[in-house]
Amino acid sequence: MNQTTKKPEIFLVTSNLHKYDEIYSIFKQYTSIQLRLLQANLVEIQSSDLEEIAIFSLKKCAKKLKEKLIFVEDSGLFIKQLNGFPGPYSAYIFRTLGLKGILTLMKMFKKREAYFQSSIAVKNENEIKVFTERVQGQISLEISDLGWGYDPIFIPDCDGTLTYGELGLKKNALSHRFLATQKLIKYLNKCILVD
Ligand code: IMP
């Protein structure tokens, strides 16, 4: 008799494999729920609120993937001296101004305070939940060689000297994404594993 019980699984919908890798390694450490990748470009609305963007993208995906337990993650870098810019436009600004452009903008400021936000929206049957976390930090004076996206210019306050990129794998134990994923896992462990 075949009594193999399939582990519960959840699908992350994203086109960003860096995100998937980071979230995958957090899942591996903290839950027996299997993380699967659904590679797709998300439909995003224009909004200043990452939670709203994540919920909208999730609902769009859910229309096509009715049977699946799915989630999306939206993140952004908010620079205080630039009134929260690039924030929800982080992906577009990364592609256009780039890291050099951000550092040029920052030249006129003494302070360089910023936070990274991660908002995760998950759909479990008919329930939608959102989990948000932020990590405060500083914009570096120079671009460090390591990391992806804004990793080379974001120094989290909890370390204070190294950029996310320079932190390497340590990033994944303190980042905005780590903290939001922890909240997601706590929720999933309660409602998926207990049933
Ligand atoms: P989105 O969540 O895919 O829309 O990402 C917004 C922008 O922020 C993209 O340009 C990403 O490359 C960048 N980004 C998101 N999360 C991180 C991170 O953990 N490190 C560095 N850049 C990030």
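**Entry 1. Ligand contacts**

I began at D151: an N or O atom in the side chain of D151 lies 2.6 Å from a nitrogen atom of the ligand. I count as a polar contact a pair of N or O atoms within 3.5 Å; within protein, one must be able to donate a hydrogen and the other to accept it, and residues adjacent in sequence count only if both atoms are side-chain atoms. I then looked at R177, where a polar side-chain atom is 2.8 Å from a nitrogen atom of the ligand. Taken alone, the ligand exposes 480 Å², of which the protein buries 90%. These accessible areas come from the Shrake-Rupley method with a 1.4 Å probe, and for residues only the protein chains shown count as cover.

I note that this is a predicted model, in which local features need pLDDT of at least 70 and side-chain atom pairs count only at pLDDT 80 or more, while totals for chains, interfaces and linings use all residues. Residues are numbered from 1 along each chain as its sequence is written, and side-chain values use heavy atoms, with hydrogens and water left out.

**Entry 2. The shell around the ligand**

I found 15 residues around the ligand, of which K19, S75, D151, K171 and R177 come nearest; a residue is near a molecule or strand if one of its heavy atoms lies within 4 Å of it. By class, the shell holds five nonpolar, four polar and six charged residues. In this division Ala, Val, Leu, Ile, Met, Phe, Trp, Tyr, Cys and Pro count as nonpolar, Asp, Glu, Lys and Arg as charged, and the others, Gly among them, as polar.

The elements that give two or more residues to the shell around the ligand are β3 (70–79), α3 (90–96) and α6 (176–193). The most comes from α3, with three residues. Helices (H or I, at least four residues) and strands (E, at least two) are DSSP runs, numbered from the N terminus.

**Entry 3. S75**

I returned to S75, which is in strand β3. A backbone N or O atom of S75 lies 2.8 Å from an oxygen atom of the ligand. The side chain of S75 makes a polar contact of 3.2 Å with the side chain of R177, and one of 3.4 Å with the side chain of E73. S75 has a relative accessible area of 19% and is therefore buried, the limits being under 20% for buried, over 50% for exposed and partly exposed in between (1.4 Å probe, protein chains only).

**Entry 4. The loop between α5 and α6**

I located N172 in the loop between α5 (164–167) and α6. At 15% relative accessibility, N172 counts as buried, and its side chain is joined to that of S25 by a polar contact of 2.5 Å. S175 is found in the loop between α5 and α6. S175 is also buried, at 0% relative accessibility.

**Entry 5. Backbone geometry**

Most residues other than glycine have a negative phi, and most peptide bonds are trans. I recorded a cis peptide bond between F85 and P86, with omega about 0 degrees. P86 is found in the loop between β3 and α3. N83 is found in that loop too, and its phi is positive, near 55 degrees. N83 is exposed, with a relative accessible area of 76%.

I recorded a positive phi of about 55 degrees at E125, which is not a glycine. E125 is found in the loop between β4 (113–124) and β5 (127–139). With a relative accessible area of 66%, E125 is exposed. From E125 to S144, 19 residues apart in sequence, the C-alpha distance is 43 Å.

**Entry 6. M108**

I placed M108 in the loop between α4 (98–106) and β4. M108 is exposed, at a relative accessible area of 62%. The C-alpha atoms of M108 and G137 are separated by 18 Å, and the residues are 29 apart along the chain.
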